[in-house]
Amino acid sequence: MSAMNDRSGSTIDLRRVAINPDYWYPLARSKDLKPGKTIGACFGGEPIVLGRTSSGVLFALEDRCAHRQVPLHMGVIEGESLRCAYHGWCYDTTGKITRVPYLPKGSLPPRRTVRSYPCKEAYGLIFVFPGDPKKAEKVSLPDIPEWSSPEYFTMYFSRTVRCHYTFLHENLMDMNHQFLHRRLMGNVQPVMLSFEQGEGYIEARYKFRHDREQPHVGSRFLVLGARQATKARSERDFELMVVRTQYPYQVLTVYPAQVETTAVKLWAVYVPTDREQRVNRSFGLLMVRKPPIPGLIYLAWPIMRYFTERVFRQDKAIVEAEQRAYDQQGADLNQEVFPLLLKLRQLLAEKGVAPEHQLAQAPLSNGCV
Ligand code: FES
Ligand SMILES: [Fe+2]
């Protein structure tokens, strides 16, 4: 049932809807970009060079030299300038050409600049605003309060996943897929309690009970901190999981039974890299509440990491299989039956950029795959 209607009633194929560029997207981890270095990244087929000058100023530019279009990330940082690897043209952090080294003194460099992108750092990530730069100031970065709280430890994930970003939104929102994780999670039976939606978001609340006979030790460790640290009590005797797509981000929060404190929060975003947006770089921050026994977190950490990596590996394999099926058939033949998912698909279609509104296509071989 590929047919989905947009607001005007015409049908759209969700897997051809481009992500909305007028948001902040992480393209790299801060720790991977030291002063004096560059990184080549991509957003939806646009090559972007991230750089940090010698004094530490962060910048993001179109990753093509204005001279002969070779990638600027192959160049070098000299002081506060980026110098192309080929003929050594110099750029400032706004993309302006400041010097063509082999022209006689006093001659003006070409006026053409390379595009510069608004960029910021937060949560240990480098965020770029790939859309209309005039909108950047009005659009907030995501709000992730647990990240800076001393009560939580943060684990980073960053993976290339070869599927359209919408498959990942659907995967996380649809807890009915726990069958996929049965070897890791035991016989978990999630039940959706309710969902709500509003401008730019949809949020579902699930309850679930672990199979007490065979829980995976990793899943128990994940909720250890909140289980023992709180005094708040409620009537609830089941674990509560809230999954929210706050376009274009996604947040999953787990509250253990009888506890109102966040045990685990996963913040995730899936950043398309190629022009057709069939490949994305997924960034995840998993914030785990520290257990009350000092030092226990360091013992538990490798187990938690191993467990979450394995869960994610299963999700990655299945969504990549979905993308391959789509590619073989050339259309989205999903027969979605879960009302929550139908609403989520509608949200993703409305917030994204429909094929007819996508701008002139970037060239094919631009290194972004
Ligand atoms: S291609 Fe960059 S300086 Fe010539
Ligand atoms: Fe999953």
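Figure 1. A search of the whole structure finds 0 disulfides. The model shown here and in the other views is predicted. Cys90 takes part in no disulfide. Its nearest cysteine sulfur belongs to Cys84 and lies 9.8 Å away. Cys90 is buried, at 4% relative accessibility. Cys65 has a relative accessible area of 2%. That value is under 20%, so Cys65 counts as buried.

**Figure 2. An open sheet of 3 strands.** The strand order is β3-β12-β11, and the pairing is antiparallel. Two strands form the edges: β3, residues 25-29, and β11, residues 119-122. Each of these edge strands pairs on one side only. From one strand to the next, the twist averages 35°.

**Figure 3. Where β11 meets β12.** Strand β12 covers residues 125-128. It pairs with β11 over 4 bridges, in the antiparallel sense. Tyr123 sits in the loop between β11 and β12. Its phi is positive, about 55°, although Tyr123 is not a glycine. Is Tyr123 buried or exposed? Its relative accessibility is 14%, so Tyr123 counts as buried under the 20% cut-off.

Figure 4. Strand β5 spans residues 46-52. It pairs with β6 over 5 bridges, and the two run in the antiparallel sense. Arg52 has Leu58 of β6 as its bridge partner. Between the strands of this hairpin lie 5 residues. Gly56 in the hairpin takes a positive phi near 100°. Strand β6 itself, residues 58-62, is mostly covered. In β6, 5 of 5 residues are buried.

Figure 5. Gly75 lies in the loop between β6 and β7, the latter being residues 76-78. With a relative accessibility of 13%, Gly75 counts as buried. How far apart in space are Gly75 and His87, C-alpha to C-alpha? The distance is 9.8 Å, and the two residues are 12 apart in sequence.

**Figure 6. Helix α1, mostly covered.** Helix α1 runs over residues 165-173. Of its 9 residues, 9 are buried. Among them are Tyr165, Phe167, Leu168, Leu172 and Met173. The buried residues also include Thr166, His169, Glu170 and Asn171.

**Figure 7. Strand β19 and its two partners.** Strand β19 covers residues 280-289. Because 9 of its 10 residues are buried, β19 is largely enclosed by the rest of the structure. Strand β13, residues 152-161, is joined to β19 by 10 bridges. These two strands run antiparallel. Arg159 has Ser282 of β19 as its bridge partner. Strand β18 also joins β19, here through 9 bridges, and this pair runs antiparallel too. In β19, Gly284 is the bridge partner of Ala268.

**Figure 8. Gln277, between β18 and β19.** Gln277 is placed in the loop between β18 and β19. Its phi is near 60°, a positive value in a residue other than glycine. Gln277 has a relative accessibility of 6% and counts as buried.

Figure 9. Tyr247 and Pro248 are joined by a cis peptide bond. Omega there is about 0°. Pro248 lies in the loop between β16 and β17.

**Figure 10. The second largest pocket.** Three strands each supply at least two residues of the lining: β16 (239-246), β17 (249-255) and β18 (264-272). Strand β17 gives the largest share, 4 residues. By class, the lining holds 10 nonpolar, 4 polar and 5 charged residues.

Methods:
Residues numbered from 1 in each chain as written. Chains lettered and ligands numbered in written order. Predicted model: local features only at pLDDT ≥ 70, side-chain atom pairs only at ≥ 80, totals over all residues. Heavy atoms only, no water. Pairing = 2+ DSSP bridges. Axes fitted to C-alpha atoms, helices over the stretch in contact; angles between N-to-C directions. Disulfide = S-S within 2.5 Å. Buried < 20%, exposed > 50% of the residue type's maximum accessible area, 1.4 Å probe, protein only. Nonpolar A, V, L, I, M, F, W, Y, C, P; charged D, E, K, R; others polar.
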